[in-house]
Amino acid sequence: IKVFQRVPVLQTRHYAYLASCHAHLGQDNLAKDQAEKVLELEPDFTIAKYAATLRYKRTSDLDHCLDGLRGAGLPA
């Protein structure tokens, strides 16, 4: 999360990652705020479409990320 504070212009994928991180930390309000930013930038965002762009070596890492996105309330 701290790394993204130094990124001058966040993109949809950054907000999605932050939403997942906050959800895993139990910071529900922050997770939902980030999820709202995702949907503002990309109204037709879905977890499935986003997942297709991710390249994780281990399936368990991908699953962890996607669980966080679901926890943040992003659409499947």
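Reader: Where is Ala31 found?

Author: Ala31 is found in helix α2; helices here are DSSP runs of H or I with at least four residues, strands are runs of E with at least two, and both are numbered from the N terminus. Keep in mind that this is a predicted model, where local features need pLDDT of at least 70, side-chain atom pairs count only at pLDDT 80 or more, and totals for chains, interfaces and linings use all residues. Residues are numbered from 1 along each chain as its sequence is written, and side-chain values use heavy atoms, with hydrogens and water left out.

Reader: OK, and is Ala31 buried or exposed?

Author: Ala31 is buried, because its relative accessible area is 1% (buried means under 20%, exposed over 50%, partly exposed in between, with a 1.4 Å probe and protein chains only).

Reader: What does Ala31 touch?

Author: Not counting residues up to four places away in sequence, Ala31 touches Ala19, His22, Ala23 and Ala72. Contact means heavy atoms within 4.5 Å.

Reader: How about Leu30, buried or partly exposed?

Author: Leu30, in helix α2, is partly exposed, with a relative accessible area of 39%.

Reader: Let's do helix pairs. At what angle do α1 and α2 pack?

Author: Helix α1 (residues 12–24) and helix α2 (residues 28–41) pack at about 160°, and their axes are 8 Å apart. Axes are lines fitted to C-alpha atoms, for helices over the stretch in contact, and angles run from 0 to 180 degrees between N-to-C directions. The two helices are therefore roughly antiparallel (over 145 degrees; under 35 is roughly parallel, 65 to 115 roughly perpendicular, the rest oblique).

Reader: Which residues meet there?

Author: From α1 you have Thr12, Tyr15, Ala16, Leu18, Ala19, His22 and Ala23, and they meet Leu30, Ala31, Gln34, Ala35, Lys37, Val38 and Leu41 of α2. By class that contact has 10 nonpolar, three polar and one charged. Ala, Val, Leu, Ile, Met, Phe, Trp, Tyr, Cys and Pro count as nonpolar, Asp, Glu, Lys and Arg as charged, and the others, Gly among them, as polar.

Reader: Switching over: what about α1 and α4?

Author: Those pack at about 85°, with axes 7 Å apart, so α1 is roughly perpendicular to α4. On the α1 side the contact uses Ala16, Ala19, Ser20, Ala23 and His24, and on the α4 side His64, Cys65, Asp67, Gly68, Leu69 and Gly71. That contact has five nonpolar, five polar and one charged residues.

Reader: What does Cys65 contact?

Author: Beyond its neighbours within four places in sequence, Cys65 is in contact with Ser20, Leu54 and Tyr56. Cys65 is buried, with a relative accessible area of 5%.

Reader: Last one: how many residues are in the largest nonpolar core?

Author: It has 17 residues, and Leu69 and Leu74 have the most contacts inside it. A nonpolar core is a set of buried Ala, Val, Leu, Ile, Met, Phe, Trp, Tyr and Cys residues joined through side-chain atoms within 4.5 Å. At least two residues of this core come from each of α1, α2, α3 (47–51) and α4 (59–71), and α1 gives the most, four.
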